[in-house]
Amino acid sequence: MIDKKILSDMNRAVVEGNKDDAQKLAIQAIDENWDLNEVIENGFVPGIQKAGDLWEKGDYFLPELITSAETMKAAMSLLQPELKKKNLTAKTLGKAVIGTIEGDIHDIGKNLVASILSANGFDVIDLGADVKITSFIETALEEKADFICVSTLLTTTMLKQKNLIELLKSKNLYGKFKVLVGGSPVNSKWAQDIGADGYAENAMAAAKIAKSLIRT
Amino acid sequence: MIKTQRPKYRLLNEAFVKKIVNESYLILEKYGVFVENKEAFTLLKNAGAKTDESENRVFIPQELVEKSLSETPPVIELYDREGEQKFTVGNDEIHFDPGSAAVTVLDHESKSQRRAKTEDLIRFARVTDAMENIDFQSTGIISSDIPEIISDSYRLYIGLQFSRKPVVTGTFRVEGFKPMHDMLAAVRGSAQNLADKPLAIFDACPSPPLKWSNLTTQSLIDSARTGIPSELISMGMTGATSPVTLAGTLVQHTAENLSGLVICQVAEPGSPVIFGGSPASFDMRKGTTPMGAIETMMIDSAYSQIGKYLNLPTHAYMGLSDSKLNDNQAGLESGIGAVLAALAGVNVISGPGMLDFESCQSLEKLVIDNEICGMALRLVKGIAQRDEPLAVDLFQDITTESQFLSKPHTRKWYREEHIFPGIIDRDTYDEWAGKGKKSAAQRAADKIKEILEQPVSGIDTSIQKELTKIMLADAEKNGLTSLPEIKG
């Protein structure tokens, strides 16, 4: 059993977005050979959940939320290689391929979603911005992903979200991956019209929808 | 006679403006901008900029920026479709145009948004054409009944046929420039006539922070070489894609605009450029980009001041709202924005009709906003001295029975001094109730019906044929064999 105080320190580091503390605690956990899955599940994960709750309540705004997510990521970046060394895998809720669609190099919204998904326990493969429809699909196939998450900021590139779904259909891959769409010109009606599995208006909502879809 | 004072407001003092400009010079020189376009990269390099090829990064020295500034015309003249009416873009002249580019239109009856079709684009151009306080049209709606690949040229194709007004537009693909330029040249008779009498402004958006995509850079180069004014649309979002402080965002905004201006000048010295943008106060709660936020309007007004300090024509997205329908929020955000833009002397003010974070056009809002624009235009005309003395003589025969209604002085000046709205309600209660207790949006909808019953300000048939030929060729190149039917 790990000292409760240490676990609550981990929790607090994430809630407060203190990367240095989070990484120090992660290193301590590795050095002292603690059960890393316990460290993650009872130390860091409750922190990101708390940050999410604070967001829901309206106490946290995006700068706090994203800092917590990045703190979580910073801790995980140390813990995950250790797990691998021990032939353990971190528990993941699912694998998501994410990117901003071709023709569009705006990626702030996509970065937010990627951070929050990964902080919430998803394995996220971020393809960056200006990503070809075909690379979304190829990567999803190679990585055996559960989700393809497609972001767009421009009204002109949102139409390519539709093309992606059409391409999935023509390759008989429709339904193999859950497709989530987002971006400022997009809404739930659009998601429905083009046959996407979900739309989220913000990063927290994206994590929620991804969690609900993985259960179905 | 006392000269009329143009009402103005300035958010920054000169020391502050200089500080922002100086910091933007530093950023360009020290940290540079990312330029994806190879030709622009080479042009900048040849003009003396240091480059880092591995990162597509260009470091622009202050001397090159200053040289480019000295080459850029302070004033641009646009002409309407017939080449008759001239519009000066510069000084403190203001011109409104509808906000662009919406993917949806607001359906007045159902109060919901829907995808736009060709007929919506036509209605939009025709209503814009009828708005007396909106000088320019914009290709402000994207049509869903044609393939997206040709949606840039197609909206211009419709706009040119159904409105006489100069047009604010832009490309969505590198290949879009040629057909669009060809259409504009067809209207003028030749490419040279078009360069002599510009008919369109092309918007080009850098991607914050400090990135120029291949597409937007190509648009800058192509526009510069054909005499089409480029409107630079920097759009930092405070705390997300630009510094969170308003002043910090202004520094980035200035650096982005100046780098775009330099690209235009190295492509073609003396090419027309408009210092513009669509930055926003990023909402840290919702992750949205409110155009109706007062901080957004403050950034807009301040960068317009910076543009003027640099002796450039200016543009801003103001007079628009984030509301989803024509309610109080739509009116108040649009009203405040339009008035502040007018007072700031923004030359091209893009906003009317626009809702929902620049994503939805409402024709009813366009008609209501036309009245807001009228008020803003009246405001900046200021208070004039019409007579000498002002009023003393009007009182020489005063009695207890005196009134002013029947005085020749009243008759002489009332139309000059006052504007008369058409949508704004000034009825007595009974009169208003008698007309069916209509809201402003309902009255606007009635007005739209009236406008659409009027004849189209149609284009010369031989030019129309030429436009259709160009559009069809572009469509065919992209796998389409016919265009949607056009019903005037």
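**Ground rules.** I count residues from 1 along each chain as its sequence is written, and chains are lettered from A and ligands numbered from 1 in the order in which they are written. As the model is predicted, local features need pLDDT of at least 70 and side-chain atom pairs count only at pLDDT 80 or more, while totals for chains, interfaces and linings use all residues.

**Entry 1: strand β13(B).** I took helices (H or I, at least four residues) and strands (E, at least two) as DSSP runs, numbered from the N terminus. I called a residue buried if 20 or more other C-beta atoms, placed from the backbone, lie within 10 Å of its own. Five of the five residues of β13(B), 230–234, are buried, so the strand is largely enclosed by the rest of the structure. I checked both faces: B:Ser230, B:Leu232 and B:Ser234 lie on one side, B:Glu231 and B:Ile233 on the other.

Next I looked at its partners; strands pair if DSSP finds at least two bridges between them. β11(B), residues 200–204, runs parallel to β13(B) over three bridges. Here B:Asp203 stands opposite B:Glu231. β14(B), residues 273–277, is also parallel to β13(B), with five bridges. There B:Ser230 faces B:Val273. From β13(B) the chain passes through helix α9(B), residues 246–267, to β14(B) in a right-handed crossover (clockwise from the first strand over the helix to the second, with the strands pointing away from the viewer).

**Entry 2: helices α3(A) and α4(A).** I fitted axes to C-alpha atoms over the stretch in contact, with angles from 0 to 180 degrees between N-to-C directions. The axes of α3(A), 36–57, and α4(A), 62–85, come within 10 Å and cross at roughly 170 degrees. That makes the two helices roughly antiparallel (over 145 degrees). Contact means C-beta atoms, placed from the backbone, within 7 Å. On α3(A) the contact residues include A:Phe44 and A:Trp55; on α4(A) they include A:Met72 and A:Leu79. The contact residues divide into 13 nonpolar, two polar and two charged. I counted Ala, Val, Leu, Ile, Met, Phe, Trp, Tyr, Cys and Pro as nonpolar, Asp, Glu, Lys and Arg as charged, and the others, Gly among them, as polar.

**Entry 3: A against B.** The contact takes 15 residues from chain A and 20 residues from chain B. On the chain A side, α5(A) gives the largest share, three residues. That side has nine nonpolar, six polar and no charged residues.

**Entry 4: sheet of chain A.** Five strands form an open parallel sheet, ordered β2-β1-β3-β4-β5. β2(A) and β5(A) are the edge strands.

Notes. A residue is buried if 20 or more other C-beta atoms lie within 10 Å of its own, exposed if 12 or fewer, and partly exposed in between; C-beta atoms are placed from the backbone. Angles under 35 degrees count as roughly parallel, over 145 as roughly antiparallel, 65 to 115 as roughly perpendicular and the rest as oblique. Two residues are in contact if their C-beta atoms, placed from the backbone, lie within 7 Å.
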